[in-house]
Amino acid sequence: MKKTVTRIGCAALALLLCGCVSFKYEGEAETPLPKARIYEDASKITTPHRVIGRAVVSGDYQNISFDKLKERLLEEAAARGADAVLITTNQVVPRDSSIEVTGVHTAFMGTGRSDSGNLNQISRDFDEGGYGEAEIFKKNKPTPNTHPTTSYRRVLRADFIRLDPAPQEAPPKADTPR
């Protein structure tokens with residue numbers, strides 16, 4: 001019994017230390033689908049569609065990757081009957097920031113597109129150089145390790161999209177004798 005409690009405690013601690021993904025959703029739920037597609041550029045969605053809801057997913061910056069957040073969005077979208085997910089915002093925010101579905105924190109924000117200049121800058125500042133190397137903070141000359149990367153969260157905001165079925169063509173009218 002004691003071993004079981006210890007194992008459960010260790011597992012819970014491991015989950016806590018490695019971070020978790022937080023998800024919030026506002027919108028409709030339709031019949032679940034087997035899978036959804038992800039878009040980072042609205043112009044790539046060429047079929048008629050409607051937004052059935054909005055979501056925000058976040059996780060510890062150091063432990064949760066952009067790809068892990070996208071995976072969670074895809075799972076949740078399919079479960080709610082969305083054909084697609086359109087990432088509208090990719091952010092890095094201080095850990096203690098309030099993260100709401102409709103709010104936007106503008107400290108470190110890029111569009112959903114992974115090739116945008118803002119996201120490349122975020123990557124350079126945080127992933128490659130570490131927080132203390134970020135250009136925005138060099139001006140304030142923070143001391144090393146005063147703001148470790150773990151004090152930030154990755155945040156993705158997205159629209160859940162339901163594609164409208166292709167309109168049915170009207171059957172050709174039969175010729176009527178005169």
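How many bridges join strand 3 to strand 6? In this predicted model, 11 bridges connect strand 3 to strand 6 (residues 152–163), and the two run antiparallel. Strands (E, at least two residues) and helices (H or I, at least four) are DSSP runs numbered from the N terminus, and two strands pair if DSSP finds at least two bridges between them. Within this pairing, glycine 59 lies opposite arginine 154 of strand 6. Strand 3 (residues 49–60) is also joined to strand 1 (residues 21–27) by seven bridges, again in an antiparallel arrangement; here phenylalanine 23 faces valine 57 of strand 3.

Residues are numbered from 1 along each chain as its sequence is written. Local features need pLDDT of at least 70, side-chain atom pairs count only at pLDDT 80 or more, totals for chains, interfaces and linings use all residues, and side-chain values use heavy atoms, with hydrogens and water left out.

Aspartate 159 belongs to strand 6. This aspartate 159 is buried, with a relative accessible area of 12%, where buried means under 20%, exposed over 50% and partly exposed in between (1.4 Å probe, protein chains only). Beyond neighbours within four places in sequence, aspartate 159 has contacts (heavy atoms within 4.5 Å) that include Val51, Arg54 and Thr88.
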